[in-house]
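Dear colleague,

Please find the structure below. A short account of what was found follows it.

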Amino acid sequence: MNVLQMLRSRKYLQRILLSFMPVVAMLAIASLVLNSVARDKVLSLQNDADRKLLTQLNYNIENMNGIVKDLAVSLYNDEEMIALKSGGDYKQSILKIERLNKMVATSPYLHAIVFYNGKQGRFFSSLNHGMDNGQLYGALEKIMASDSELPKLQLLPLDLDGGNEGIDVFAFFVYDGLTLGSVNDDVLILTVKPGWMLDNLKALNRVVDRENDLLFVTDGAGRLLMSNDRQLPEGLDTKDVLRRIAASEQSLDSFIYAQDGSKYKVTYLSKALNNWQIISLQDYDDVLGSVRQMRWTEIAVTLSVALLAVLLSVFFALRLYKPVGHLLALVPPPGGRPSTNSKDELSLIADNVTEMLGKLKGLEQERASQWNIAKLYHLRSLISLSESLEEPAFLRFKAQYGIDIAYPSPLRLALVQIDDAHELAKQQGPAAESLLYFAVANIGQELLGNGGSCEAADMKSGHLVFIVGGGTEALEKLGERFAELQGMILRYYRITFTVTLSDVFEDYRKLTAHYNLVVRRANYRMIVGKGAILESEQLRANETNEAFRVPQELERRLTEGLKSGDPEETEQAIRSWIRLLKGFSFENMYSGLLHLTVALSNTLGEMNHHNANPVSVNLQAINRRILEQETLTEIEAVLLEVVEEVLEQRRSGRENKNRLLADTVKEIIDKHYADPDLNVQKIADMLKMSSVHLGQVYKAEEGLSVVDRINEVRLAQARVYLEQQQLTVTEIMEKVGFGNESYFYRLFKRRYGATPKEYRLKAAIDRNT
């Protein structure tokens, strides 16, 4: 397997290697950021230097302009220059030329001093300017003639020879008046050599080590006035540059200008002296030369460091991965086959270890389960067959299984029964009882074993057995500790249980005898009730009671109470019977309880045999309900409920019969009301019963007598005839069954507040309105 295949199959190794890569990436990003910051810083510093340079150059020009201005004003107003400026004597004017020569010779930037004498109409100038006077005078005369509003006290560019190589001098005009010729024509012209400005530009470039930069000055119209002898780059569109400068709102600023693949850094100062523009033009690559060199250096260093980092990462990754590789080789994959999913090595190792731990835990649980099964088997054997277990065998399995039974020591046995276990099984399933016994055993062993020994065994017979050892005094108070356990279980699990305690004994061989005894005594839960703690002293009176028969008087009271329907007598008989059974031994108690159920069943059967309306009671269901109860109190409640149900059915049967009789009487009246002989006796004869009983039942059910019902139906029908038919009152009376007219009138008026005739008249009026 080569390195690439090894890396592909080792995902955790890949992660280790990749964890070093962010360092390399951060180094590269830092290099880029540093280069960008350096570039911005260099450009910012360069901008500051350019602005200072242009500001200084503008200051020098303004300073020179001030000096020339002061000199021009001084000469123009000098009394000794009157002969040159405005004197009429040519000879006197010639004598002043020498002074002009001296002034030009002593000034570093003056080219010539020229007076135009208006009176004489000629020019007078210094003679040391090195050019033909006629050419100089012609140029001055031409510019003076072309512009009557020639600016005063300003440096004006002047081309003396008419060539295309730029300006020759700057002319500085001084005259009186607002325009030439408005007052007089006396003019002083100072011509200034542009060379001093060029020297100044070169000197400033040398100071800032910028000799390769192009500096040039233009006037407001964009005409080149001077430059530092550097040629403009070939193809540079200066007009476009000047347009961008003119469009800018800043008088001192810089920008990057790109044209035909070339980039230039342009710094300008507009609105300078005489509205000139001073412009610095630099090659962008030259400006950022140091930054570019630094960038290549950074790239080289970054690549070197990145390569070193990759090599170191591989080295350290392999060193770090080595223990993982060894561990992966030691821990086999799940199922014995390599995993084909995307998990890394640590995940595979974790899965493998988890699987192995699960298997080990399963083995431990299985072993513990087997050990507990064996321990529980021996405990059950000890409890059931302790007489046959020799002491060496007892001590051997006691030590082998860690059975916590103190020996030799006083012992006491307790039998625990969960109350309402059958209801619990119905609600939560059959396994719930075993789980609860397990919980009671664990909590009980921890609580009862404090200060002594304690073992618990689920006997799988509906009860749990505790074997508690310790001091005699502590065992005598074992009931109190079980009461504490009952409270704890009730608080945690909401269930109760009953405890039956044996007497204190010394020898483990007596375990079986005492176990059989507490199993027998546990039946007294039927008498004492749920949640009790049964001890032998508490049951002594029942155990010594030899009575086993129930008095005939109780059976008679129960039978007569049921037959007569007397609930109070019946309930008193049942309560007395149960109270009597609570004093019996549990064997005799079962016999007396059976006697009670048989007596109840026989009485109900006899009642149903002789009664026209038999009571529907399922005796098998009653017996089953009784057998499901765990205490005599619950059985008493069931019996009282059965008695109440029987008596209620008897009452309901009588009430239903009376209701049926009343409905039948009403039906007969509704059909035969027109029969004048219809009365109570006739209806009773129809139903084959006593007229008195019929009258009593009907009035009890309906609240009125049979006669009242007959009259009510007859009067209602008579009213219908009066409203709907044109029969006479006598005819109507006979049709509804009345034989006595006065009796009919009296009953009708009593019921409807008017005589039959009055009622018919009133009904007719109501219909017509």
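Against which strands and helices do the buried residues of H16 pack? They are in contact (heavy atoms within 4.5 Å) with strand E11 (411-418), helix H14 (431-448), strand E13 (464-469), helix H15 (472-476), strand E14 (497-501) and strand E15 (533-534). Helices (H or I, at least four residues) and strands (E, at least two) are DSSP runs, numbered from the N terminus.

This is a predicted model, in which local features need pLDDT of at least 70 and side-chain atom pairs count only at pLDDT 80 or more, while totals for chains, interfaces and linings use all residues. Residues are numbered from 1 along each chain as its sequence is written, and side-chain values use heavy atoms, with hydrogens and water left out.

The buried residues of H16 (under 20% relative accessible area, with exposed over 50% and partly exposed in between; 1.4 Å probe, protein chains only) include Phe482, Leu485 and Ile489. Just after H16, arginine 494 has a positive phi of about 60 degrees.

In helix H20, Leu554, Leu558, Thr559, Gly561 and Leu562 are buried. Seen down the axis of H20, these residues fall within an arc of 165 degrees (taken from the directions from the helix axis to the C-beta atoms), so they line one face of the helix. The face turned away from that buried side carries the exposed residues Gln552 and Ser564. Glycine 565, which follows H20, has a positive phi near 75 degrees.

Strands E1 (residues 110-117) and E2 (residues 122-125) run antiparallel and are joined by four bridges; two strands pair if DSSP finds at least two bridges between them. Asparagine 117 stands opposite arginine 122 in E2.

Yours sincerely
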